[in-house]
Amino acid sequence: MSVYTPVSEVQLSDWLRNYSVGRLAGFEPIEAGIAFGFSEIRLFRRIILPPLLLSAGPVIGNQMIQIIKDSAFLTIIALPELTHAASSIQSRHYVPFAAFITAVFLYWGLCLVIEAGVSSIGRVAEARR
Amino acid sequence: MAEFSKVLDVAGVSKRFGDVEVLSDVSFQVDKGETVCVLGPSGSGKSTLLRCINWLERPDAGQIYLNGERVGINGAGIIMSDRDLSQIRTRIGMVFQHFALWPHLTVLQNLMEAPVQVQRRPKAEVRDEALALLAKVGLSEKRDAFPARLSGGQKQRVGIARALAMRPDLLLFDEPTSALDPELVGEVLVVMRDLAREGMTMVIVTHEMGFAREAATRVLFLDRGRAVETGAPDRFFANPETERARQFLQRYAGDTAAGRR
């Protein structure tokens, strides 16, 4: 995957950094955690991380879908993944359409699964907003 | 350590931010069951003083003792480990101006989080106590709501209950009603007044002169980082010793008369 995703990873870490800086700078709940005696590790795990993940959920989901799309459209594929499998089926059985359409649907299915995950995170986050 | 009826002893605390001396040589004591209101103009160092007590802000000089035990500095005279400091902080409850509730947790979870995670008390016991505290602040029906769904007054009552859930020796209030709409201030003051009556030991930074006058056992007046005056609220409000306190009170009286409070 690393061949196709360097940009995405940079973007993702950038997004996360922006989220953490924008959302958490002067974030009183963190101070409350310190005042209530949370240790650094527990503070991060129990107080800082959950809201951060909730608010970064859509970004992470979009990035993942982007990664899947990128890997689907690239022709040089090093990993044995869907398109590769489809093209080998195609070359063996001479049914190009069926194999690639199946691959398309499988990709779409993957994206739908991620979207469903993202929207359920979104619902959890919405209740807390 | 039976000789310590003093819950809090602040001795000569100073703090500067860069060139600005925010606190200079502030000393005061709080006995068990006392309600001390810290008054003073904005920028007089009230909040910093409060934050120095639990070492959210590290004082540059001076000592702070909680029930005779030094806060922030250990027996060897060096800065405490985070662990020891955490342990002391669990005994000092704090109520914040902007509530500072944990947004991803429900009201009940907010109350239970620190006692269970930090104090490691049994969950069932903490839960019972948390439910009783919610009933006490009149928010039993909101136990499963998230903080974002509460009004300011309700949030602050949860904030107070959350601090009480730690069973603290001392409760600090940092302008607990300053961020509230005027019509919501009353419900929070009622809770605080009840606590004062029950003998909770509290240090309250506030601009609510009416509350200070009626609920405080003692008033501490800060001006430009100095503890200018301290005394019983009756005497302080009726007949302040210092010119600064007189001016301060006059301004408040003027505001009240003009209906601006």
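**Ground rules.** I am working with a predicted model, in which local features need pLDDT of at least 70 and side-chain atom pairs count only at pLDDT 80 or more, while totals for chains, interfaces and linings use all residues. Residues are numbered from 1 along each chain as its sequence is written, and chains are lettered from A and ligands numbered from 1 in the order in which they are written.

**Chain B overall.** I found 9 helices and 10 strands in chain B. Helices (H or I, at least four residues) and strands (E, at least two) are DSSP runs, numbered from the N terminus. The radius of gyration of chain B, taken over C-alpha atoms, is 18 Å, close to the 18 Å that the globule rule gives for 261 residues, so chain B is as compact as a globular protein of that length. The globule rule is 2.2 Å times the number of residues to the power 0.38. Along the principal axes, the C-alpha atoms of chain B fill a box of roughly 55 × 55 × 35 Å.

I then looked up burial. A residue is buried if 20 or more other C-beta atoms lie within 10 Å of its own, exposed if 12 or fewer, and partly exposed in between, with C-beta atoms placed from the backbone. Of the 261 residues in chain B, 46% are buried.

**Parallel strands.** I followed strand β8 (residues 202–205) of chain B. Two strands pair if DSSP finds at least two bridges between them. Strand β3 (residues 35–39) of chain B runs parallel to β8(B), joined by 4 bridges, and Cys37(B) stands opposite Ile204(B). β7(B) also pairs with β8(B) in the parallel sense, over 4 bridges; there Leu171(B) has Met202(B) as its bridge partner.

Which way do the residues of β8(B) point? Met202(B) and Ile204(B) point one way, Val203(B) and Val205(B) the other, and all are buried. In a regular strand the side chains alternate between the two faces of the sheet.

I also noted that β7(B), helix α6 (residues 182–198) of chain B and β8(B) make a right-handed β-α-β unit. Right-handed means that, with the strands pointing away from the viewer, the path from the first strand over the helix to the second runs clockwise.

**One residue.** I picked Leu172(B), in strand β7 (residues 170–174) of chain B. Leu172(B) counts as buried because it has 25 C-beta neighbours inside 10 Å. Two residues are in contact if their C-beta atoms, placed from the backbone, lie within 7 Å. Leaving aside neighbours within four places in sequence, the contacts of Leu172(B) include Leu50(B), Ile92(B) and Val203(B).

**Antiparallel sheet.** I traced an open sheet of 4 strands in chain B, in the order β2-β1-β4-β5, with antiparallel pairing. β2 (20–31) and β5 (69–70) of chain B stand at the edges, each with a single partner strand, so one side of each is left without a neighbour in the sheet. Leu66(B) stands opposite Glu69(B) in β5(B).

**Where the chains meet.** I listed 23 residues from chain B and 20 residues from chain A in the contact. On the chain B side, α2(B) gives the largest share, 5 residues.

**Confidence in chain A.** pLDDT is the predictor's confidence in each residue, from 0 to 100. Chain A averages a pLDDT of 75, and 71% of the residues score at least 70. Over residues 1–6 of chain A the pLDDT is below 50.
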